[in-house]
Amino acid sequence: MRKVFWICLLILPASVFSQTYITRNGNIQFKSKTPLEDIYAENRQVYAVIDVPKKNLAFTCLVKGFLFKKELMQQHFNENYVESDRYPKANFIGSYTGEVDTKKDGIYAVEVQGKLYLHGVTQQIVVPASIEVSNKKLIGTADFKLTPADFNIKIPSLVKDKIAKQIDVHVLVECTLK
């Protein structure tokens, strides 16, 4: 009995004070808009973790999880551009600045900074974002632009006018307390 008491005493504080929020079905969308063609893809299988006390966050997804309206675009994306068989995952590991009070519903402006790994390349990024506290959930959103060339993604000259130089990215994660 005494042993169980001490084990509970050691485990309880970690679970009571833990403020780690997770999701396995976050959402990342990207768009490329040019006069010749609009490209849109979405991945709804994004794993995200937000550690509130440490102000750390991490995201990961399978690149093949991005779905396009046109099957041929999806095939070209995976085979020719991001080479998803060779580089199957995209990851972000970083932190945020700003205060988020998980006991008070509201929208909190933050700045996210960290390392984005895509197509075998790691780039440091800094983007404005928001974390909304609502019904004991954290809803994180961010909108930013990425340049394919920064990640050594080569666009063939035949289609270079059909793909924007900068890609619009939208991230939405709704995380619950772990």
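**Reading the strands, rings and contacts**

Guide: Let us start with T23, which sits in strand β1. Helices (H or I, at least four residues) and strands (E, at least two) are DSSP runs, numbered from the N terminus. This is a predicted model, in which local features need pLDDT of at least 70, side-chain atom pairs count only at pLDDT 80 or more, and totals for chains, interfaces and linings use all residues. Residues are numbered from 1 along each chain as its sequence is written, and side-chain values use heavy atoms, with hydrogens and water left out.

Visitor: Is T23 buried or exposed?

Guide: Buried means under 20% relative accessible area, exposed over 50%, and partly exposed in between (1.4 Å probe, protein chains only). T23 has 6% relative accessibility, so T23 counts as buried.

Visitor: Which residues is T23 in contact with?

Guide: Contact means heavy atoms within 4.5 Å. Setting aside neighbours within four places in sequence, T23 is in contact with V46, Y47, A48, V173, E174 and C175. For E174 there is a further detail: its backbone oxygen lies 3.4 Å from a polar atom of the T23 side chain.

Visitor: How do I read H170, and which side chain does H170 join in a polar contact?

Guide: A polar contact is a pair of N or O atoms within 3.5 Å; within protein, one must be able to donate a hydrogen and the other to accept it, and residues adjacent in sequence count only if both atoms are side-chain atoms. Here the side chains of H170 and D143 are joined by a polar contact of 2.6 Å. H170 belongs to strand β9 (residues 167-177) and is partly exposed, at a relative accessible area of 24%. Not counting residues up to four places away in sequence, H170 touches N27, I28, Q29, A142 and D143.

Visitor: How many aromatic pairs does the structure hold?

Guide: Rings of Phe, Tyr and Trp (its six-membered ring) pair if their centres lie within 6.5 Å; planes under 30 degrees apart count as stacked, over 60 as edge-to-face and the rest as tilted. The structure holds six aromatic pairs. In one of them, the rings of F30 and F68 have centres 5.8 Å apart and planes at 75°, so this pair is edge-to-face. Because F30 lies in strand β1 (residues 20-33) and F68 in strand β4 (residues 67-68), the pair ties together parts 38 residues apart in sequence. F30 counts as buried at 12% relative accessibility, and F68 counts as buried at 11%. F30 also forms a tilted pair with F77, at 5.4 Å centre to centre and 35° between the planes. F77 lies in helix α2 (residues 71-81) and F30 in strand β1, so this pair ties together parts 47 residues apart in sequence. Ring pairs link F30, F66, F68 and F77 into a cluster.

Visitor: Which residues make up the covered face of strand β3?

Guide: In β3 (residues 56-62), L57, F59 and C61 form the covered face, while N56, A58, T60 and L62 form the uncovered one.

Visitor: And how is β3 joined to other strands?

Guide: Two strands pair if DSSP finds at least two bridges between them. Strand β2 (residues 38-51) and β3 run antiparallel, joined by five bridges, and I50 has L57 as its bridge partner in β3. These two strands form a hairpin with four residues between them, where K55 in the turn has a positive phi of about 60°. β3 also runs antiparallel to strand β5 (residues 89-97), with seven bridges joining them; there, F59 stands opposite F92.
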